[in-house]
Amino acid sequence: MLKLLVSRFLQGLLTLFVLITLTFFLVRLMPGSPYTEEKAIPAHILERMKAYTGLDKPLPVQYARYLKNLIVKQDLGDLIRKDGVKVSEVIADSFPVSLALGLASMGIALMVGIPAGVIAAVKKNSPTDFACLSFAMLGICLPSFVIGPLLAVFAGLKLQSINVAGWNSPTDWILPAVTLGFINAAYLARLSRGGMLDVLNQDYIRTAKAKGVPGRKIVIRHALRGGLIPAVAFLGPAFAGMISGSFVIETIFQIPGMGQHFVNAVSDKEYLLIQGLVLFYGFLIVGANLIADLAQIALNPRLR
Amino acid sequence: MIRLLTTTALCLCLFSCQKESQVDKATREGILLIGNSADPKSFDPQVVSGVIESNLNRALFEGLVNSHPSEDLTAAPGVAYELTPDETYTVWTAKLRPDARWSDGIQVTAEDFRFAYERILTPELGAKYSEMLYFMQGAEAFNKAQTKDFSTVGIKVADALNFTLTLRGPTPYFREVLKHPTWNPVPKHMVLKYGKIGQIGNQWAKPHRLVSNGPFRIKSFRRNDHIEVERNPYYWDAKNVKLNGIRFLPISNTFTESRMFRDGQLHVTYSAAPDVVDYMRKHDPASLRLEPYLGTDFYRFNTTRKPLDDVRVRRALSMAIDRDSLCANVYRGFEPAYAITPPTGDYTPPRGAFFDPEQARKLLSEAGFPDGKGFPRLKLLISNREATQPVAVQAQWRKHLGVEVEIEFKEWTAYLLATQTLDYDIVASGWIGDFIDPLTFLEIWSPGNGNNNTGWDNREFVDKLAESFQITDPAARYDLLKATETIMLNEAPIAPIAWRGKNYLLHPSVKGWEPLLLDNHPYTTVELVPQETKRN
């Protein structure tokens, strides 16, 4: 177990290093620069600005400086276009919001998706199964930029207590969490239905049935553990994705989360912010995958 | 599960019967809720340039003059209670009011203005908009580091409350120029407390410690969520400020913004998309505002590429655009543009661009492309995928000239880069004036200007423009500028398309918010009057 942990940890570090390096050079291959603006910046001003941020130096020098600051000072650097704002400030301000929203959506996804999948599997080919499957198909097919505005118009505008957008009152969580949760619930429902069907056909379940174990106990005690393995494998990366924010959800519901920075940083050519976000996201993914691996081992004795 | 759902639904219904909308509450409290598209790039007014920042700066800072609440070409008094030019409009004397204070109670002095101008012009600071101060004698040379002696720049402080500005030439419209936020003072005592004069990234303007001299001061800031300003008790005219505060919301998505407006979360939106305009026309016309704006949509032609180096081809393309039809069917609230400069005050731009398909075909044929035969397949570069107007122009060129152009989309910075490096054939562009005067639309076409981006270079145009800098009489100056603009339009390095409108939503409880060409409403005169509102 410890050996596995150590090896996974080292793999993670290597992944992050490759990630930083690739991102560093890829973002600089994009056309334009942080200083490309609608009203051209006069040449003599541009020179000063580049000298200030060090973007006038050759790439290897910039890369070495970035790595040095990152490793020695744990400093992700400053924003280029926004005066005196640190990359870490942006992440520290927005991540808690995304984390809160991600956890709420995750709760909804788990509470809706897994029961729906399990019930569908147990009542295979029944109207309940078809209902669950159609619901899941709907969630997978309808993108968030369709569900979000629909919810905002039909729930937000109609119910006075729910705002169509914003992040101030506790009810402001409902619409974005439902939108994000619904989509993930749909995936979870399909995965857990599939997983459960596999398990329910296995010999040990038949044995349990033959021994006269009650149906509910078979599902909860014996089948669930194996049946949820595909869903758990999906949950790791999905969780990292959910807590790191969603551009679409955040712009539809005006939430000060992290997702919009992923997109805006790219269009603004905010190099250090992109690098910082990618590194942070990479860190979350590596961490979440590690936890998902451990959870799978806990669920599946054959992996031990 | 069912019980849980029922309880939740019940709770929601209960909630929904009680709460007053955010707008009603804010109206009661005197807080204006404004959609402002994004967070400012900085709170330091001297290093920023955009509309978003300028909306915020108008609340926080005040210059020598203010914008007038309802008249475009009138200046309301600001920190200066008197601002008088000499008879040549070259030397301007400012007398500051003794009761003007920074938000920490310290007096605003002539030295704050001198310091501010020295700072924005200091090359080390790299202020992007320092060009706005080139109206002052010697400012350009100092900003371009040709001299290190600031005393060569045309500002002389007489005493704590009096100073004179010497300009590079007669500038009868200087009050309009002074409305631009780059001319506002900064608190010398704060800037120097946190760094040197030319230091980039000086932390004096961090929101929690920002000291300003406008009607409002910062109350709270949460990134990507809101900026709230409250009354500045030290403001010289504080007793006449009607609002208690303003909340700026950085809502980037225009549809989210209009939903928030309809849900009673905003008094004023930053914009209204064409679809929203159509919807509001039907459902809530009283809240919809379509107002003229000091901006122009136009197409740049790359005059360094064949066949666009031929003036006949450029004119033909321009003449084949039916601007009336575009404005009636595609745009909302825009006016057909027959020149680059929108009509403002006494300036009537020349009718240099017009729809004449027959003449267009003739010109194209003279250029060697009868009925569009042999005309290369040019690309029309755009950056807004949703805009329908390039498709309409594409169809008009096909119909009237038999010319086929291809629409090419590029992401914003790639689009800007292509424009600025002349790596395009035709590009859909826009320009927003910095102040109300034709100069702000004409000077960009000088060959050395960083915003020309067409490769067009015309001696006569440059000479005439330079000549206009020396004219004192406003009417004679306008005549000369009109002649200058005519030269440009005849040469057609660009095809004007439409004069922009400002489309947005305004809650009926907001009073004193009148149409202004620059959309630079002084917040001091805005008032919130509670009334019956309905949510739809």
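**The sheet and its surroundings**

Modeller: Strand 11 (residues 288-301) of chain B and strand 15 (residues 426-432) of chain B are paired in the antiparallel sense, over seven bridges. Two strands pair here if DSSP finds at least two bridges between them, while the helices (H or I, at least four residues) and the strands (E, at least two) are themselves DSSP runs, numbered from the N terminus. This is a predicted model, in which local features need pLDDT of at least 70 and side-chain atom pairs count only at pLDDT 80 or more, although totals for chains, interfaces and linings use all residues. Residues are numbered from 1 along each chain as its sequence is written, and chains are lettered from A and ligands numbered from 1 in the order in which they are written.

Within this pair, B:Asp297 has B:Gly430 of strand 15 of chain B as its bridge partner. The two strands belong to an open sheet of six strands in chain B, whose order is 12-16-11-15-13-14 and whose pairing is mixed. Strand 12 (335-336) and strand 14 (405-409) of chain B stand at the edges with a single partner strand each, so one side of each has no neighbour in the sheet. In general, strands of a sheet pair through backbone hydrogen bonds, in either the parallel or the antiparallel sense.

Chain B also holds an open sheet of four strands, again with mixed pairing, in the order 1-10-9-8. Its edges are strand 1 (31-35) and strand 8 (216-222) of chain B, each with a single partner strand, so one side of each is left without a neighbour in the sheet. On average, neighbouring strands of this sheet are turned by 20 degrees against each other, direction ignored; for axes, lines are fitted to C-alpha atoms, for helices over the stretch in contact, and angles run from 0 to 180 degrees between N-to-C directions. Strand 9 (residues 226-231) of chain B pairs with strand 10 of chain B in the antiparallel sense over four bridges, and B:Val229 stands opposite B:Ile246 of strand 10 of chain B. Helix 3 (residues 51-60) of chain B packs on this sheet and touches strand 8, strand 9 and strand 10 of chain B, its direction making about 135 degrees with that of strand 8 of chain B. Contact, as used here, requires that the C-beta atoms of two residues, placed from the backbone, lie within 7 Å.

Elsewhere in chain B, strand 6 (residues 155-159) and strand 7 (residues 162-166) run antiparallel and are joined by four bridges. A hairpin of two residues connects strand 6 of chain B to strand 7 of chain B, and B:Ile155 has B:Leu165 as its bridge partner in strand 7 of chain B.

B:Ser252 lies in the loop between strand 10 (245-249) and helix 8 of chain B. B:Ser252 is partly exposed, with 18 other C-beta atoms within 10 Å; a residue is buried if 20 or more other C-beta atoms lie within 10 Å of its own, exposed if 12 or fewer, and partly exposed in between, with C-beta atoms placed from the backbone. Although B:Ser252 and B:Ser37 are 215 residues apart along the chain, their C-alpha atoms are separated by 4.5 Å. Leaving aside neighbours within four places in sequence, B:Ser252 is in contact with A:Thr251, B:Ser37 and B:Ala38.
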